[in-house]
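Please walk through the model below, taking a few local features in turn.

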Amino acid sequence: MRKKIIAGNWKMNKSYDEGMALVSELSNMVKDEYHGSAQVVIIPPALYINALSRMTADFSNISTGAQNCSNHVSGAYTGEISAAMVKSCGGKYIIIGHSERRQYFGETNDWLAKKIDAVLAENLNPIYCVGETLEEREGNTHFEVLKTQVSEGLFHLSAEQMASVVIAYEPVWAIGTGKTASTQQAQEVHAFIRNLVKEKYNETVADNLTIQYGGSVKADNAAELFAAPDIDGALVGGAALQSRSFADIVKAMA
Ligand code: PGA
């Protein structure tokens with residue numbers, strides 16, 4: 001059975017105390033109101049992973065994760081954090097290749113493929129982000145772009161390794177803009193990605209792959225997106241910064 005995953009990416013937001021308060025509220029909402037339907041992944045700034053993993057340890061449907069990690073195992077890489085460090089703080093998921101990392105930090109598909117390997121080497125789950133820019137969509141090159149991102153980032157993996165991977169489709173033009181892809185646009189891309197995985201691996205690997213949608217997901221558009229057959233959850237930015245709005249997205253999956 002394909003896992004449904006709602007992940008909240010805080011990006012570079014929230015103080016430590018604000019983060020603790022948010023998750024304390026959220027974990028109770030998720031526990032009391034909507035338990036069981038989906039895995040909830042909290043992805044705060046890396047400094048807070050340890051404390052939040054401990055805070056949520058008794059909630060089996062809540063995990064934590066990191067927004068990025070190094071492609072190196074350890075060593076003289078000032079400012080970097082490794083997948084093993086995330087794991088040692090209780091994190092289970094690591095976002096790899098978010099469009100902001102690609103855009104502002106020059107991360108390429110080749111580079112990201114190495115980060116995927118680093119995450120898998122620790123038996124953690126990468127959430128690999130792909131998505132086209134507005135220019136690419138308007139120029140009708142988005143399928144080509146997505147195919148390159150998926151194949152160069154992931155297709156060196158074995159079928160067994162692919163079972164640990166989550167893909168997030170996040171059209172760059174929908175991130176933080178309030179402009180969501182229509183359910184039809186998202187479903188079309190998700191089915192396309194699943195088919196690429198099927199052609200490269202097999203039907204079982206493709207069927208079991210969780211593909212999240214990201215880009216201005218809110219409580220009021222989540223239910224419609226989640227009703228599409230190939231949309232298995234969401235990677236949420238802005239709406240993950242408040243317990244109520246994020247819990248309502250989790251509820252929409254129920
Ligand atoms: P958004 O961000 O929900 O604020 O659009 C999504 C993301 O960047 O993952």
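Where is Ser216 found? The model is a predicted one, and in it Ser216 sits in the loop between β7 (210-214) and α11 (219-226). Its backbone has a positive phi of about 55 degrees, although Ser216 is not a glycine. The relative accessible area of Ser216 is 9%. Buried means under 20%, so Ser216 counts as buried.

A second residue with a positive phi is Lys14, where the angle is near 85 degrees and the residue is again other than glycine. Lys14 belongs to the loop between β1 (5-9) and α1. Its relative accessibility is 28%. Partly exposed covers the range between the 20% limit for buried and the 50% limit for exposed, and Lys14 is therefore classed as partly exposed.

The next topic is the aromatic residues. A pair of aromatic rings is described by the distance of the centres and the angle of the planes. The count of aromatic pairs comes to four. One of the pairs is formed by Tyr16 and Tyr48, with 5.6 Å from centre to centre and 85 degrees between the planes. Planes over 60 degrees apart count as edge-to-face, and the Tyr16 and Tyr48 pair is described in that way. The pair links distant parts of the chain, its two residues being 32 residues apart. Tyr16 is in helix α1 (residues 16-34), while Tyr48 is in the loop between β2 (39-43) and α2 (49-55). The two residues also have their accessibility classes: Tyr16, with a relative accessible area of 40%, is partly exposed, whereas Tyr48, with 10%, is buried.

The last topic is a helix crossing. How do helix α5 and helix α7 cross, and at what angle? The axes of α5 (residues 109-121) and α7 (residues 142-154) come within 7 Å and cross at roughly 45 degrees. Angles under 35 degrees count as roughly parallel and those from 65 to 115 as roughly perpendicular, so α5 and α7 are oblique to each other. The crossing of these two helices, α5 and α7, is right-handed.

Which residues meet in this contact between α5 and α7? From α5 come Asn109, Asp110, Ala113 and Ile116, and from α7 come Thr148, Gln149, Glu152, Gly153 and Leu154. By class, the contact of α5 with α7 has three nonpolar, four polar and two charged residues.

Notes:
Residues numbered from 1 in each chain as written. Predicted model: local features only at pLDDT ≥ 70, side-chain atom pairs only at ≥ 80, totals over all residues. Heavy atoms only, no water. Axes fitted to C-alpha atoms, helices over the stretch in contact; angles between N-to-C directions. Helix = DSSP H or I, 4+ residues; strand = E, 2+ residues; numbered from the N terminus. Parallel < 35°, antiparallel > 145°, perpendicular 65-115°, else oblique. Left-handed = near helix turned anticlockwise from the far one by under 90°. Contact = heavy atoms within 4.5 Å. Nonpolar A, V, L, I, M, F, W, Y, C, P; charged D, E, K, R; others polar. Phe/Tyr/Trp six-rings, centres within 6.5 Å; stacked < 30°, edge-to-face > 60°. Buried < 20%, exposed > 50% of the residue type's maximum accessible area, 1.4 Å probe, protein only.
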